[in-house]
2 protein chains.
Amino acid sequence: MPVRNAQAVWNGTLREGSGAMKYGAYEGKYTFASRFENGEGTNPEELVGAANAGCFSMFLSAMLTKEGFKPIKIATTAKVHIEDGPTITTIELDSTADVPDLTDAKLQEIAAVAKANCPVSKALASVNIKLNIKLV
Amino acid sequence: MPVRNAQAVWNGTLREGSGAMKYGAYEGKYTFASRFENGEGTNPEELVGAANAGCFSMFLSAMLTKEGFKPIKIATTAKVHIEDGPTITTIELDSTADVPDLTDAKLQEIAAVAKANCPVSKALASVNIKLNIKLV
């Protein structure tokens, strides 16, 4: 199985400094303001949210495929809550599933397992991950 | 404290499908091959690695600033290991610190606390995070 590489650099002190997070061809700048206020740039929490949404969507498709369904589209939004600590307390996954011949009851059953077992959800063991999913 | 948003979509089945992870202005495509083989594109593990490296570098700078040091640069590489399961088992953080007047002993002491307490490390509670850091 693969090993994935990423990098980050932080230049300077906490409030006056700035940094960048990198992987593949991507480089995203971040600052104190982009992390804890409303400044321009990204922050680690956005990356965690995208990773969890991406992992869940792919894992749910995999599980549905195994059960004999042919998923057309799984679309997921992640809201990552960072609170005093600072601590990432909660991630809200809001998802829609376009899957022919699937009932809502079966979707809820499979999606709950996908939410718990996708690799990024398992890694984020101290975070309360909430899922809201519906058929479209 | 802010709530951060990100999105992902997966179109189709596991092996034939493809998806994209999005946050801010970024959109990164991913496939089965880019996740578990060597195909072009990104994967959730790269985002998790960048988030952990970014969080640690910024948190270490914050802790050093609090202790009265003036950090110039913290540079960190993350290697994210995904193994059978699939499970994210280990993240190796390899870091260098350019900080005037700091001894190696003090760096090791503060960096160990930063590794354990940065929000992304705390969130990744089931992952074995290893740190190797030196002064430059």
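Let's start with a loop: D101(B) sits between β5 and α3 of chain B, where helices (H or I, at least four residues) and strands (E, at least two) are DSSP runs numbered from the N terminus. This is a predicted model, in which local features need pLDDT of at least 70, side-chain atom pairs count only at pLDDT 80 or more, and totals for chains, interfaces and linings use all residues. Residues are numbered from 1 along each chain as its sequence is written, chains are lettered from A and ligands numbered from 1 in the order in which they are written, and side-chain values use heavy atoms, with hydrogens and water left out.

Although D101(B) is not a glycine, its phi is positive, at about 70°. Most residues other than glycine have a negative phi, and most peptide bonds are trans. With a relative accessible area of 74%, D101(B) is exposed; the classes, for a 1.4 Å probe and protein chains only, are buried under 20%, exposed over 50%, and partly exposed in between. In chain A, D101(A) also has a positive phi, near 70°. D101(A) lies in the loop between β5 and α3 (104–117) of chain A and is exposed, with a relative accessible area of 75%.

## Cis peptide bonds

Next, the peptide bonds. G85(A) and P86(A) are joined by a cis peptide bond with omega of about -5°, and P86(A) is found in the loop between β4 and β5 (87–98) of chain A. In chain B, the bond from G85(B) to P86(B) is cis, with omega near -5°. P86(B) has its place in the loop between β4 and β5 of chain B.

## Where the chains meet

The size of an interface is often given as the accessible area lost when the parts come together. Here, about 5900 Å² is buried between chain B and chain A, and carbon and sulfur atoms give 63% of it; buried area is the accessible area (1.4 Å probe) that two parts lose on being put together, summed over both. On the chain B side, M1(B), R4(B) and M58(B) lose the most area to chain A, together 14% of what that side buries. Counting by contact (heavy atoms within 4.5 Å), the interface takes 70 residues from chain B and 70 residues from chain A.

What kind of pairing crosses the interface? Between chain B and chain A there are 35 residue pairs in polar contact, both residues at pLDDT 80 or more. A polar contact is a pair of N or O atoms within 3.5 Å; within protein, one must be able to donate a hydrogen and the other to accept it, and residues adjacent in sequence count only if both atoms are side-chain atoms. The elements giving two or more residues to the chain B side include β1 (3–11), α2 (44–66) and β4 (73–83) of chain B. Of the elements, α2(B) gives the most, with 17 residues. By class, that side holds 39 nonpolar, 20 polar and 11 charged residues, with Ala, Val, Leu, Ile, Met, Phe, Trp, Tyr, Cys and Pro counted as nonpolar, Asp, Glu, Lys and Arg as charged, and the others, Gly among them, as polar.

One bridge links T77(A) to its partner Q7(B) in β1(B).

## Salt bridges

Side chains of opposite charge can pair when their charged atoms come close. Across the interface of chain B and chain A there are zero salt bridges, taking a salt bridge as a side-chain nitrogen of Lys or Arg within 4 Å of a carboxyl oxygen of Asp or Glu. Over all chains, the whole structure has eight. In one of them, the side chains of K29(A) and E27(A) meet at 3.5 Å, N to O; K29(A) is exposed at 57% relative accessibility, while E27(A) is partly exposed at 43%.

In chain B, E67(B) forms a salt bridge with K106(B), their closest N and O atoms being 3.6 Å apart. E67(B) is in the loop between α2 and β4 of chain B and K106(B) in helix α3 (residues 104–117) of chain B, so the pair ties together parts that are 39 residues apart in sequence. K106(B) also forms a salt bridge with E109(B), with closest N and O atoms 3.5 Å apart. Both K106(B) and E109(B) lie in helix α3 of chain B, three residues apart, about one turn of the helix. E109(B) is partly exposed, at 46% relative accessible area. In chain A, salt bridges that share partners join E67(A), K106(A) and E109(A) into one network.

Methods: Pairing = 2+ DSSP bridges.
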